[in-house]
Amino acid sequence: MKTSGEIAHHPFAVMFSTTLVLAYASLIALYPAAIAPELAQSLGVSSSAVGLQLSLIFGGAILSSLIGGPLTRRLGPCRTSQLSLALLGSGALFLSVPTLPSFAIASLVAGLGYGLTNPAASLLLVRFTPSQHRGLIFSIKQTGVPLGGVIAGATAPLIAVTLGWQTGLWLYGALAVVGILLLQPNISYWDDQRTPGSPWLSRPFAGVALVWQQPSLRYVALLSLCFATIQLSISAFTVALLVEDVAFSLVDAGLVMSTLQVSGVLGRIAWGWLGDRLGNRFLTLLIIAATTTLGCMLIASMSASWPNVLVVVILCLTGFASLGWNGVFMAEVAQLSPTNRVADAAGGCLVFTYSGVLFGLPIFASLHAWLGNYPSVFGLLSGLALASIGFLWLAHLHRHSSTS
């Protein structure tokens, strides 16, 4: 019989735990977007303004990512994950207060929790999982993001029309306590290498500096800025796109959002496997960027006259690529990082990633207000996907020059 220590150190246990933490973070982040039309009425704002809530969440994520590496070293990855859950659960409870100021503050609090998930997870996965399968393992862990979207899309609209949208936030806030208790037995095994006295506020930009000083990491980080803007735009505005421009009902649109996120889950696993199989994650990211570009162009052509099946197929194929890049990206960041600074590099790169959401979603909402419909804005996102190909090529060139 295996001891509790052997179970805690097992790669599957580590991967499963980090995936669930990330899924919970995504659930809290995407819950409002899944009921955007309903929530917009309660708050007295437009549906695109509800999508801006994700920008506030990722604004908080940027702040905690700046100190995610040193804080993980100080607390240990398990305690850091528990702190993440506590912040996310608190944010969910405060999000249920139907006023704009409280909604904004709650989004920032939840974002602080979101930003702590990946530095802790990266440190655990690099420590406890085999390097030859790291692309697939990181990709499976990153399925937590669309998995949270699946849960949000499948449950949020139903809860909103039956029990009220606030009830869902109360229920999901309580899940944070369950997660914290389930992680507690792992503390002595996962946090045994922490350094309690290490500073965590004195150099908040150390991770960003590390990324910027290494060109290959820098351009991969800028690539993630583009990809994140596209990914979260699709996640945040799919329901509104379907309801307002393609004549779907709210519940049907929520189910499509859930299906889209399932495609993202499958995409993350498939792209991670392909990256390991090819032994070339840059080529894998290039294929993802090209597929995303085509998908955004097709979404730009959608209208209410399109068959519903065709709409769903195109959205799912686009989601397969645009929601599937993260694991390959995180594995490449770990590969490019100095061995003893994986958490710092992950936190530094995620500052760029989350910046794509922080600034990209308000730009998307502004463009929607200007153009008057969602398909036109998705057409502009295809240009951002093309820019990501340029960053990817620069990263590849600098990586090649540094190893030649």
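I started with R281, which is buried at a relative accessible area of 13%; buried means under 20%, exposed over 50%, and partly exposed in between, with a 1.4 Å probe and protein chains only. R281 forms a salt bridge with D276, the closest N and O atoms being 3.6 Å apart. I counted a salt bridge when a side-chain nitrogen of Lys or Arg lies within 4 Å of a carboxyl oxygen of Asp or Glu. D276 is partly exposed, at 22%. Salt bridges with shared partners join D276, R281 and E332 into one network.

A note on ground rules: this is a predicted model, where local features need pLDDT of at least 70 and side-chain atom pairs count only at pLDDT 80 or more, while totals for chains, interfaces and linings use all residues. Residues are numbered from 1 along each chain as its sequence is written, and side-chain values use heavy atoms, leaving out hydrogens and water.

Next I asked how many salt bridges the rule gives. The count comes to 5. I looked up D344 and R73, whose closest N and O atoms are 2.7 Å apart. D344 lies in helix 20 (residues 342–371) and R73 in helix 6, so this pair ties together parts 271 residues apart in sequence. Helices here are DSSP runs of H or I with at least four residues, strands are E runs of at least two, and both are numbered from the N terminus. D344 is buried at 5%, whereas R73 is partly exposed at 33%.

I then checked D191 and R79, whose side chains meet in a salt bridge at 3.1 Å, N to O. D191 sits in the loop between helix 13 (187–190) and helix 14 (206–213) and R79 in helix 7, so the pair ties together parts 112 residues apart in sequence. D191 is buried at 5%; R79 is partly exposed at 28%.

While in helix 6 (residues 68–75), I also looked at T72. T72 is buried at 1% relative accessibility. Beyond its neighbours within four places in sequence, T72 is in contact (heavy atoms within 4.5 Å) with P77, T80, P119, A120 and L123.

Then I turned to the rings. A search of the whole structure finds 10 aromatic pairs. Rings of Phe, Tyr and Trp (its six-membered ring) pair if their centres lie within 6.5 Å; planes under 30 degrees apart are stacked, over 60 edge-to-face, and the rest tilted. For Y31 and Y172, I noted centres 5.7 Å apart and planes at 75°, so the pair is edge-to-face. Y31 belongs to helix 2 and Y172 to helix 12 (residues 165–183), so parts 141 residues apart in sequence are tied together. Y31 is buried at 1%, and Y172 is buried at 10%. Ring pairs also link F58, Y114 and Y354 into a cluster.

Y114 came up again in helix 8, where the buried residues include F103, A106 and Y114.

Last, I looked up S235 in helix 15 (residues 215–245). S235 is buried at 4%. Leaving aside neighbours within four places in sequence, S235 is in contact with L30, A33, M257, Q261 and L323. I also checked S235 against W271: 36 residues separate them in sequence, and their C-alpha atoms are 19 Å apart in space.
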